[in-house]
Amino acid sequence: MASAKSPLMGSGRLIDENSFKERMIVLFTKWETLLALLFVLEIVVFSNITPYFLDYFNLMNASFTFMEKAVMALPMIFVIMSGDIDISIASIIALVSFAMGYAAEAGVDTAGLIMIGLSVGILAGMFNGFFITKLGMPAIAVTLATQSLFRGISQAVLEDHAYTTYPESFAYFGQGYVGDSLIPFELVLFLVLAVIMGFILHKTTYGRQLYAIGNSKSAARFAGIYVDRVRFINFALNGLFCGIAAILLTSRIGSTRPNIALNWDIETITLVVLGGVSIMGGRGTVPGVTVAIFLLGYLKFGMGLLNISAKIMIITTGVLLIIAVLLPNFLDLIKAKRKLRMQQVRQS
Amino acid sequence: MRLIRILRAAVARREISLIILIGVLLALVTMRAPMFLSGNNIQRIVNDTVILIMVSLGQLLVILTGGIDLSVGSIIAFSGMSASLINQAHPAIPAALILFIGVLVGTALGMVNGAVVAFGKVPPIITTLGTMSIFRGFTFVISKGQWVTAHEMSQSYMNLPHGDFLGLTNLIWWGVLVSVVMMYFSTYTRSGREVYAIGGNTTAARFVGVSERKIKFMIFTISGFLSGLAGVMWTARYAAAVNETATGFELQTVAACVIGGVSIAGGSGTVAGVILGGLFIGIINNALPVINLSPFYQMFIQGSIVLLAMLINTLADRRQEKMLLNRRRS
C-alpha cells in the first residue's frame, strides 16, 4: 500500500484509500457487518410488529430452540473452512443419544452418561476422519454413508421404540438456568464454547493453519503443515461437539427416538455458510457465524410469533442460504474491480 | 496364468464385479427363499427400482462434473404434486399432456439450479441444499398441505406407469428408454463427452474450448427433467401425492452412483454402473423382508454398503496408481 495519504488519479476521480468514505466502503462490504445490520433490522422490525418479541424472558427462552444447532455449528466452521464437509452430524446426535439412552436404561448415572455421550461423539467423528484423511476418501461421500450408518444403528436397535428414562439431574443441561437468573445454561455454554473456538481460530497457529489449508491444501503441505492431521482433528472435534449437542438435546426433550435431530446437518451447514464461511474454503470467522445463528434463530422465533407457517420458514432458510453465497460473490466482484482500477491508476 | 489375468481384469471392471456381486446376492437370498428368483418377483424389483435408476442417471451427470444435486427429492415432490393437482382439478385433460407439464415443471426447477450454479458461481452443494428446502416449501404451498389420493386421480393418469406393453409395465419401458438415451448421450455425443472432460480436469477442458457454464447449466437441467419425469411416475404409481414424497431420496441416488463405481470427485463413472448400482439397492431393499430381517435394518445396511463400496473403489484406485508407478519405474 502507498503512504498514508495517497491521492490516486483514475478516470477523473480521486481515490484516497484512507479516506473516511473508502474505509466505510471496506467496512460495509464486510459480510459480518452486513449480518449485524440485518440482525438489528430484524429486531427493529419484529419489535414494531409484535409487543411479545422484545421481551427479556421470551428472548432468553427462545434461545433454547436453536442452541444445540449453534454448538454444532462451531466446529463445522473449522471443517468447512478447510474445504471439507460433514453431513453426518445429525446422525452422530442420533447415535450419541441412543448410546446415552441405552446406558440410562441400564442405570448409569448423570456423570457416566456425559462421559458416554462425549466419547461416543468423538469416536464417531474419528471414524469419519479416519476414512477421509487416512484413506483419502471424499468427505461428502464418507459422511453421506455414515449418515445412514450412525442413524441406522439407532434405528436397528430402537425400531419404533424410545428411551425416556433419564436420571433427574440429567435434565439440567438442556432445561436448566444459570443460578437464579433467567439465562439458560445452554446459552452460557454456547457462548463459552464460541469464545474458545474463536480464540483457537483467530489467535492460534492451528487457526492460521486452517485458513492456509482452506486456501490451498498442497501449498499448506509444502509450508510444512500436517494437513491430514489437522483435518482429522477437525472431524474429531466435530464429533465431540455433536456429543455435547446430543447431551443438551436429549436432556432438553427427555427422550431418544431414531429420528431425533433429523435434517439438522443441513440446518447447521446453512448457519455456517450464512455466517460467511466459504464452502470453497479459506474464509470465515466465528463472530460472523455467531451473528448468523442469532439472526436465523430469532427470525424463526419472530415469524412463529406472527403465525407465519413453517413452510414459509423453510423457503426463507433456503433463499437466505443461496443469497448468502451469491452476495459475497457479487461483493467480491465489486472489490476486484475497485482493486483493478487502483492498480491501473498506480501504474499510469 | 492367463485365466487369472483375465479374471483379474474382469474384476477390476466395476460393472462386471457388480454383476458378479448381484449374482451372489441373488443366490444367497434365493437359498433362503426360493420364490425370490421368480419372473414375477424380478419384474416387481425392477419396477420398484426404475424411478431410482432414472433419477440416479441425472445425478450421475452432475457428479461427473464434480458437483452434487441434493434437490432431486424436492423436485420429484414438487413436479409430482403439480401434475397430480392438475389431474385432480381437471380430470379431462389427457394424461400424456399432464406428464408433459410435470416434466416441464421439473425441467424448469432444474434450470433454476443450473442458472444459480453456472451464472451465480454458487457451489452445487450449497445451491441444491438451498433449493432442496425452497422446492419442498413450495410443494407445501401449492398443495396447501393437502394430499391428492387415489380416488382423486383419473384412471388414465394412474395408467402412466401401470399400463402394460409387451408384458412389461410402462414404467419399465420408460426406464429402458431413459437408460438407452443416457448411454448414447454420455458415450457418443459431444456434450456428453464434455461432461466427463469438465469433471476430469476443468482447466484443461476450458483450454480446449469446453464451455463450463453451458455444461453445468445443461446437466442440472437434465437432472431436473429426469426428476420431473420421476415425480409424475412416482405419484401415479403409488396413487398418492403427498408433501413428503421422496424425502431423503437424493441420498439413495448418490448411493446408487457410488455403488456403481462413480467417483465423487468427478470425471469417472458409467451409465451401466449406475443402473447396476440402482438394481443392487433395489434387490437389497426387496430382500430384507424376504429373509425376515426387520425393515429397521435397512438404513444401517445401506450405509454400510455405501461405505464398503467406496472403500473398494478407493483401494482399487490405489492399486491402479501403484501399478502405474511401478510401470513407470521399470
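Helix 2 (residues 31–49) and helix 14 (residues 286–305) of chain A pack at an angle of about 25°, and their axes lie 9 Å apart. Helices here are DSSP runs of H or I with at least four residues, strands are runs of E with at least two, and both are numbered from the N terminus. Axes are lines fitted to C-alpha atoms, for helices over the stretch in contact, and angles run from 0 to 180 degrees between N-to-C directions. Two packed helices are described by the angle between their axes and the distance between the axes. Helix 2 of chain A and helix 14 of chain A are therefore roughly parallel to each other. Angles under 35 degrees count as roughly parallel, over 145 as roughly antiparallel, 65 to 115 as roughly perpendicular and the rest as oblique.

The model is predicted: local features need pLDDT of at least 70, side-chain atom pairs count only at pLDDT 80 or more, and totals for chains, interfaces and linings use all residues. Residues are numbered from 1 along each chain as its sequence is written, while chains are lettered from A and ligands numbered from 1 in the order in which they are written.

The crossing of helix 2 of chain A past helix 14 of chain A is left-handed. A crossing has this hand if the near helix is turned anticlockwise from the far one by less than a right angle, and is right-handed if clockwise. On the helix 2 side, the meeting residues include A:Trp31, A:Leu35, A:Phe39 and A:Phe46. Helix 14 of chain A brings residues including A:Pro287, A:Val291, A:Phe294 and A:Tyr298. Residues are in contact if their C-beta atoms, placed from the backbone, lie within 7 Å.

Chain A has 15 helices and two strands. Its radius of gyration is 22 Å, close to the 20 Å that the globule rule gives for 348 residues, so chain A is as compact as a globular protein of that length. The radius is taken over C-alpha atoms, and the rule is 2.2 Å times the number of residues to the power 0.38. The C-alpha atoms of chain A fill a box of roughly 80 × 55 × 35 Å along the principal axes. Buried residues make up 42% of the 348 residues in chain A. A residue is buried if 20 or more other C-beta atoms lie within 10 Å of its own, exposed if 12 or fewer, and partly exposed in between, with C-beta atoms placed from the backbone. Among chain A contacts between residues at least 6 apart in sequence, 77% join residues at least 24 apart.

Chain B has 14 helices and two strands. The radius of gyration of chain B is 21 Å, close to the 20 Å of the globule rule for 330 residues, so chain B is as compact as a globular protein of that length. Its C-alpha atoms fill a box of roughly 70 × 55 × 35 Å along the principal axes. Of the 330 residues in chain B, 48% are buried.

The largest nonpolar core has 180 residues. Such a core is a set of buried Ala, Val, Leu, Ile, Met, Phe, Trp, Tyr and Cys residues joined through C-beta atoms within 7 Å. A:Ile77, A:Ile93 and B:Val258 have the most contacts inside the largest core. Helix 11 (residues 212–237) of chain B gives the most to this core, with 14 residues. Leaving out residues up to four places away in sequence, A:Ile77 touches A:Leu201, A:Val272, A:Val277, A:Gly284, A:Val286 and A:Val289.

The contact between the chains takes 36 residues from chain B and 36 residues from chain A. Helix 6 (124–143), helix 12 (249–259) and helix 14 (298–329) of chain B each supply at least two residues of the side that touches chain A. Helix 6 of chain B gives the most to that side, with 13 residues.

Eleven of the eleven residues of helix 12 of chain B are buried, so this helix is largely enclosed by the rest of the structure. Among them are B:Phe249, B:Cys257 and B:Val258. They pack against helix 7 (139–158) of chain A, together with helix 3 (39–64), helix 4 (72–89), helix 13 (271–290) and helix 14 of chain B. Just after helix 12 of chain B, B:Gly261 takes a positive phi of about 85°.

A:Asn307 has a positive phi of about 65° although it is not a glycine. This residue is found in the loop between helix 14 and helix 15 (310–347) of chain A. A:Asn307 is exposed, with 7 other C-beta atoms within 10 Å.

Terms used: Two residues are in contact if their C-beta atoms, placed from the backbone, lie within 7 Å.
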